[in-house]
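Here are my notes on the model. Please read them with the structure open.

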Amino acid sequence: MKLTWIAATLVATMAATAGAQNLTGAGATFPNPIYSRWFSEYSSSHPGVQINYQSVGSGAGIRQVSSKTVDFGATDGPMTDQQLAESKIKLFHFPTVMGAVVPVYNVPGIGTDLKFSGDVIADIYLGHITNWNDARLKRDNPGVNFPDHTILPVYRSEGSGTTYIFTDFLSKVSPEFSQKIGKSTSVRWPGGIGQKGNEGVAGMVRNSPYTFGYVELIYAVQNNMSYGEVKNAAGKFVKASVAGVTEAAASVKQMPDDFRVSITNAPGATSYPIASFTWLLIPIKSDDPAKGKVLHDFLLWMLDHGEAEAGAMTYAPLPKNVVDKERGAINYIH
């Protein structure tokens with residue numbers, strides 16, 4: 001009897017081990033708060049599946065999934081045609097949620113929300129606006145008593161999708177920024193100080209007076225930071241919100257088949273201008289079919305269950321037309 005029980009236990013253990021799947025992903029810090037929640041919930045409801053995610057920045061995520069170091073990647077800046085061609089594995093962009101990048105600042109003595117035009121933000125990073133009492137900041141913020149103090153711009157030090165979204169917007173509103181700095185996950189900043197991750201930029205700005213930076217909205221909210229309104233394409237100053245991001249996404253009338261699209265500086269009176277989709281980079285065919293099945297199933301779970309959690313975490317859920325299109329694309333994942 002005892003030998004029978006031991007044999008049955010060993011068989012059960014071997015079966016559980018054979019069915020266990022550990023997946024590793026890496027990439028964007030922008031969606032890390034909601035990804036951490038999703039992966040934990042999915043693992044809890046799917047015994048034997050563990051999804052580990054490394055929040056290392058979009059640039060690193062693209063490199064690691066392209067070299068097959070991880071099972072999937074994540075990015076806020078879509079891969080270029082060249083990056084896709086050079087990847088060791090064929091990848092597909094799957095939108096997950098939408099979010100906002102916000103200008104954050106630490107100016108002692110100012111208790112009101114500040115307003116920023118895109119060209120002003122661009123010139124802060126270009127080095128043309130160097131003092132908080134600059135006339136152009138005063139123009140957008142009448143009645144605010146700005147201090148006579150130097151601005152310290154803070155930026156992401158590593159390849160970053162948040163940087164891509166931010167520079168994509170600034171390149172649209174400032175020809176000089178487009179020419180001299182351009183849009184990319186990693187750019188050459190003429191001045192300021194770099195910090196790693198949304199967490200690093202948020203921490204630097206929160207703890208250092210007279211700084212100015214950019215982070216994903218949830219990092220500003222979680223850290224109780226001041227973040228400004230941004231002038232949109234309609235000429236209105238808009239505070240970041242789920243509704244504002246959703247309106248920006250509504251400007252895309254026809255989603256491309258590969259889901260690579262920009263929604264920065266979108267039209268609409270209440271559109272928030274520094275908004276973007278964020279994407280999971282999923283191999284169309286995984287080397288391990290069992291992992292491919294988990295990725296396929298997770299994407300469906302995300303659409304059926306995860307999207308409902310987006311709003312509470314300051315992300316905007318995917319529009320219905322994107323969800324419907326994505327369901328069809330998921331069928332190719334294996």
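In which sense do β5 and strand β10 pair, and over how many bridges?

1. The sheet. β5 and strand β10 (residues 229–231) pair in the parallel sense, over two bridges. Strands here are DSSP runs of E, at least two residues long; helices are runs of H or I, at least four, and both are numbered from the N terminus. Pairing requires at least two DSSP bridges between two strands. F116 sits opposite V230 in β10. The open sheet has three strands, ordered β5-β10-β11, with mixed pairing. β5 (115–116) and β11 (237–238) are at the edges with a single partner strand each, so one side of each lacks a neighbour in the sheet.

2. Basis. This is a predicted model: local features need pLDDT of at least 70 and side-chain atom pairs pLDDT 80 or more, while totals for chains, interfaces and linings use all residues. Numbering runs from 1 along each chain as its sequence is written, and side-chain values use heavy atoms, without hydrogens or water.

3. The cores. A nonpolar core is a set of buried Ala, Val, Leu, Ile, Met, Phe, Trp, Tyr and Cys residues joined through side-chain atoms within 4.5 Å. Buried means under 20% relative accessible area (1.4 Å probe, protein chains only), exposed over 50%, partly exposed in between. The largest core has 99 residues; Y125, W132, F277 and F298 have the most contacts inside it. Strand β4 (residues 91–106) gives the most, nine residues. A second, separate core of eight residues includes A26, V65, I89 and L281.

4. Helix α12. Among the buried residues of α12 are H296, F298 and W301.
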